Amino acid sequence: MEVICYPHPTLRYPAKPIQRVDKELREVIAEMFRLMYEHKGVGLAANQVGVPLRLFVMNESGKLGQGKELVFINPVVTKPRGNEEMEEGCLSLPGVNANVVRPKTIFFNAYSHTGEEVKGDVTGYMARIIQHEVDHLDGVLFVDRLSPSVRNSIDSDMYTLELDHQSKQKTGLLKSDEELLNESKVWQEKYC
Ligand code: NI
């Protein structure tokens, strides 16, 4: 498994709810944590590794052995309150960072990989990460939430990623968008 980058089509395809968790899916979760630490992220959504299921992992500290590892299965965000601007980046948009305005406080509920319900009010950094990751599961990227002027300022970075994707497809390093999407749907047949 590897972290896929914009404009990979799986990032734009809404992930589907998970009906069951088995050994293979727990191995996917372990691999997601490994990749998240390797790329120095604080959160990673399953569709960022080509698995279009409603699942993400996070560790606010971003470091293995520190902070708390959390697994969110079928997360739902409600009761957004307040507003806050904070700089965001994304492992699927390497080199792109920008300030994003989002609700400061939210309520969330989800299931852990052991089937326990987790829920609560969260604010600040943790609320930020949860909203960013749930966006991923809906096929939304943080760059979709920028004001037009800020979005313009990162246009060339986005274009560079698009060219890279196209050149990989032309040279056969990456399959076509259609094949990539079909490949990812196998996960939904198994777990949805
Ligand atoms: Ni991201």
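Lysine 79 lies in strand E3, where strands (E, at least two residues) and helices (H or I, at least four) are DSSP runs numbered from the N terminus. The model is a predicted one, so local features need pLDDT of at least 70 and side-chain atom pairs count only at pLDDT 80 or more, while totals for chains, interfaces and linings use all residues. Residues are numbered from 1 along each chain as its sequence is written, and side-chain values use heavy atoms, with hydrogens and water left out.

Back to lysine 79. At 52% relative accessibility, this residue counts as exposed; the scale used here is buried for under 20% relative accessible area, exposed for over 50% and partly exposed in between, with a 1.4 Å probe and protein chains only. The charged end of lysine 79 sits over the ring of phenylalanine 107, 4.4 Å from the ring centre. For that label, NZ of Lys or CZ of Arg has to be within 6 Å of the ring centre and within 35 degrees of the ring normal. The backbone is worth a look too: lysine 79 has a positive phi of about 50° although it is not a glycine.

Asparagine 74 also lies in strand E3, and it has a positive phi of about 50° without being a glycine. Most residues other than glycine have a negative phi, and most peptide bonds are trans. On the peptide-bond side, the link from tyrosine 6 to proline 7 is cis, with omega near 0°. Proline 7 is found in the segment before H1.

Now for the metal. The nickel ion takes its protein donors from Cys90 (SG), His132 (NE2) and His136 (NE2), which lie 2.1 to 2.3 Å from it. Donors are N, O and S atoms within 2.8 Å of the metal (3.2 Å for Na, K and Ca), and water is not among the atoms, so sites may look incomplete. Along the sequence, the donor residues follow the spacing C-x41-H-x3-H. The disulfide count comes to 0, taking a disulfide as a pair of cysteine sulfur atoms within 2.5 Å.

What holds the most contacts inside the largest nonpolar core? Of its 21 residues, Met32, Leu44, Leu55 and Val57 touch the most other members. Such a core is a set of buried Ala, Val, Leu, Ile, Met, Phe, Trp, Tyr and Cys residues joined through side-chain atoms within 4.5 Å. Helix H1 (23-38), strand E2 (55-58), strand E3 (70-81) and helix H5 (177-191) each supply at least two residues of this core, and the largest share, 8 residues, comes from H1. Leaving aside neighbours within four places in sequence, leucine 44 is in contact (heavy atoms within 4.5 Å) with residues including Val3, Met32, Phe56, Leu91 and Glu133.

As for the rings, the whole structure has 4 aromatic pairs. Rings of Phe, Tyr and Trp (its six-membered ring) pair if their centres lie within 6.5 Å, and planes under 30 degrees apart count as stacked, over 60 as edge-to-face and the rest as tilted. Tryptophan 187 and tyrosine 191 form a stacked pair, at 6.3 Å centre to centre and 15° between the planes. These two residues are 4 apart in helix H5, so tryptophan 187 and tyrosine 191 are separated by about one helical turn. Tryptophan 187 is buried at 18% relative accessible area, and tyrosine 191 is buried at 0%. Elsewhere, Phe56, Phe72 and Phe108 form one aromatic cluster.

Proline 14 is found in the segment before H1 and counts as partly exposed at 47% relative accessibility. Lysine 168 has its place in helix H4 (residues 155-170) and is partly exposed, with a relative accessible area of 35%. Beyond four places in sequence, lysine 168 touches Leu173 and Leu174. Lysine 168 and asparagine 74 are 94 residues apart in sequence and 33 Å apart in space, C-alpha to C-alpha.
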